[in-house]
Amino acid sequence: MTNVLTHTSSAPASAQVPAFDGLPCQRRDLADLYFSERPAELEQAKKLCADCPLRQECLQGAVMRGEPWGVWGGEIFADGRVIAVKRGRGRPRKNAAA
């Protein structure tokens with residue numbers, strides 16, 4: 001059985017299946033995307049999670065661990081809670097952009 005929380009398995013080494021190989025979150029060139037400060041990049045990371053076969057397990061694990069931030073299971077975490085959208089840094093505009 002694979003432990004999604006630690007990416008380890010309780011099965012003997014000879015029986016382990018690389019369950020995480022090929023998942024976008026495992027690509028080193030995309031790692032920063034899941035912990036970006038930019039809302040557009042976090043939305044991109046959420047889209048990469050959309051078709052993941054481990055999405056629910058990842059989300060459950062992140063909730064159980066109280067992940068402080070990042071994209072886990074297709075959801076954005078901030079301060080250990082799931083949020084719908086991350087606001088950009090800085091002060092909001094007083095007037096809507098023209």
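1. Leaving aside residues up to four places away in sequence, Leu42 touches Leu33, Tyr34, Ser36, Val71, Ile76 and Lys86, where contact means heavy atoms within 4.5 Å. This is a predicted model, in which local features need pLDDT of at least 70 and side-chain atom pairs count only at pLDDT 80 or more, while totals for chains, interfaces and linings use all residues. Residues are numbered from 1 along each chain as its sequence is written, and side-chain values use heavy atoms, with hydrogens and water left out.

2. Leu42 is one of the ten residues of the largest nonpolar core, which also includes Leu33, Tyr34, Val71 and Ile76. Such a core is a set of buried Ala, Val, Leu, Ile, Met, Phe, Trp, Tyr and Cys residues joined through side-chain atoms within 4.5 Å, and buried means under 20% relative accessible area, exposed over 50%, and partly exposed in between (1.4 Å probe, protein chains only). Helix H1 (39-49) and strand E4 (75-78) each supply at least two residues of this core, and the largest share, three residues, comes from H1; helices (H or I, at least four residues) and strands (E, at least two) are DSSP runs numbered from the N terminus.

3. UniProt, in an unreviewed entry, places the feature "binding site" at Cys25, Cys49, Cys52 and Cys58. These four span 34 residues in sequence, yet no two of their C-alpha atoms are more than 10.8 Å apart, so they gather at one spot. Such annotations may be inferred rather than shown by experiment.
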